[in-house]
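Here is a short report on how the parts of one model are laid out and where they touch. Look over the sequence and the structure, then read on.

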Amino acid sequence: MPVDFEFAKEQEDVRSTVREFAEKYIAPRVVEFEEKQLIPPEIVREMSRLGLFGILFPEQYGGLGLDPVTAGIVLEEIVRADLTFSLAVAYLVHTSWGYVAYKYGNEEFREDVIRRAATGDVWIGIATTEPGAGSDLTGIATAARRDGDGYVIAGEKAYISGVREAKERGVWFPDGGGHVTLAYTDKSKQHRGMTLFFVPLTDPNVSIRLEKEFGRKGWSFGSFVLSDVRVPERYRIGEEGRGFYIAMEGFDHARAYIALACAVGGKRAIELALEYAKQRRAFGQPVASFQGVQFQLADNWAALEAAHALAYKALWALKMEQEGRIGRFEVTRITASAKLFAVQAAKRAIDDALRWYGAYGYTEENPVALALKAVKSYDWAEGSLDIMRLIVAREVVGREYTSKRK
Amino acid sequence: MPMNVVVLVKPVVDPKAAVRFRPDGTIDRSAAKLVVNPYDKHAVEAAVQLKERFGGRVVSVSMAPPHAADAIREVLAMGVDEAVLLSDPRLAGSDTLATSYALSAVIRRLEQRLGGVDLVLCGIETSDSNTGHIGPEVGEWLGIPSVSYVDRILEVGDGRVSVKRLIEGGYAVVRVKLPAVLSIAGTSYQPRIPSLRDVLAARRKQVAVWSADDAGIDPSLVGIAGSPTRVVRMWRVEIKRKGVVISEADPDRAVDRLLEELRKDGVPLGV
């Protein structure tokens, strides 16, 4: 009986612990995240104390050595409590890109940065997008050149999560944070000339600028400029020229978590809207008893159930890949499918659920309304939906049928 | 001065889950998920804080069916060093008198094994029966002082413990000889949420399951036979809310109208 939808007892323990924390400390303050446009630092520090920033890192580096499925369970509980997805971003970006940084970082890097990332002393973000390059990353202008025993990096990254939290020391994280940053080391080689570096945003030669994000306002979103930032060689993540490929692997990770966040967020939005629709009466009966509402609910719930299962399959695929049991391309196909499906299912479900509230739901204080804004970000974040379509089609139809792009 | 602290922990039906009743009105516990009685977690927190301050060991003692071992791991994650689960079919049906006797027997065994127990802590009541009997009764069986409604443990030393105890309209500071039983109120000791590392480590700790014989329990004093309490009937109490608007301008007449409404509903007014 190889297919099993049951979680292990340890995983249930993790879930109940995180749920207790999330219900007690996160849920009551979510509206504040959006209003003040920040996550109260004590919540993040408590997450660090619980070990939530060290889920995947091996115990040898101070982490918990757990697997992506368990990391997903933690994410589920965070999303259930915070439908603005602000904490989901903080958690899933660090979890997926931190893992990739660990995997490809050298021993010195692990001892220096991963050890601190595992305890929540330093946050790890991702920076690939630039003003002139998003889906087509070959258009990036950021470049790194060798300089003695390190590199000097110059360029600009845009629409990046967590720039403020990484820039400031001692507020959310004792040492601030840094972003896994994509740069050319040899532009002539296009995507084969890209390299990833860990760039601490606390560096004085990094300046940040914040955007006014449409939703999920608790975790900052903005750009940063690298004015000849010097990093030691150990901050290079993987070999020179491998940056693009490692980034693609990191996206696979992030997409699996995003798919799960969307599936769970959609379900939670339905649950919350349903609480209201059961109380609210119109035309002599509860709104929830109308078939128009129920059929909508059924279609959405079924889609979310499917998205939920597929998201866990994606996390399982990441685990199988860690164990060398399935290949890269298969993981990419599953994770891209999961994101493609879950984002759309969640957007529709949340949009429909918000309608059950009527005018009452259309406020900045309704978590379901905040969720609608949040999931909209996944039209593009960590790979746009059309890029997901390209990937799935490429892997299913065959690479030899990929349309030629100039 | 390292202290050995025993903390009494009752696995109860999850108060957050829907409770199912049998046709005879008793709670169907067979399918229900068990959790640690929420009131007991304050006692566990107090015990762990004592250990952090003075050193020593914290041992939890529970009486429940064997599958309750899972729920008890929660207190192991909070910092309890070892857990004893007293589990024996002969204990089924025990009321608070029989239960407190059985728990006392375990504590006596632990005294021998640990070379003394300094404090026994428990919650002020349980979420499933709310009697508040167990703490004082354990004190009686062991022949040691017990203090209920303890807000905070103030000082421990010279073979005594002084505590701040909640009383109606204020508090009293009470000093008793050790060993003693303290029922910890849910006021000062907010239970910690353990780190995931501690939660996972708790899975690797053993819950020792003891039979009645392991604890040297006299079978005639436990179970239905040893329990003088009889549950005659259980029924659901429906709490109906209603809103009545009294629109009298004169306060005296408004009060009269209010009293009249309350009397009509049979509310005992004591006047």
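## Domains of chain A

Chain A is assigned three stretches: domain 1 (9-118), domain 2 (124-240) and domain 3 (244-401). Domain bounds come from an automatic or database domain assignment.

This is a predicted model, in which local features need pLDDT of at least 70, side-chain atom pairs count only at pLDDT 80 or more, and totals for chains, interfaces and linings use all residues. Residues are numbered from 1 along each chain as its sequence is written, while chains are lettered from A and ligands numbered from 1 in the order in which they are written.

## Domain 1 against domain 3

In chain A, the C-alpha centres of domain 1 and domain 3 lie 20 Å apart. Their contact takes 23 residues from domain 1 of chain A and 26 residues from domain 3 of chain A. Two residues are in contact if their C-beta atoms, placed from the backbone, lie within 7 Å.

On the domain 1 side, α2 (30-36), α4 (68-81) and α5 (86-104) of chain A each give two or more residues. Helices (H or I, at least four residues) and strands (E, at least two) are DSSP runs, numbered from the N terminus. α5(A) gives the most to this side, with nine residues.

## Chain A against chain B

Here 11 residues of chain A are in contact with eight residues of chain B. On the chain A side, α1 (9-26) and α3 (41-50) of chain A each give two or more residues. α1(A) gives the most, with seven residues.
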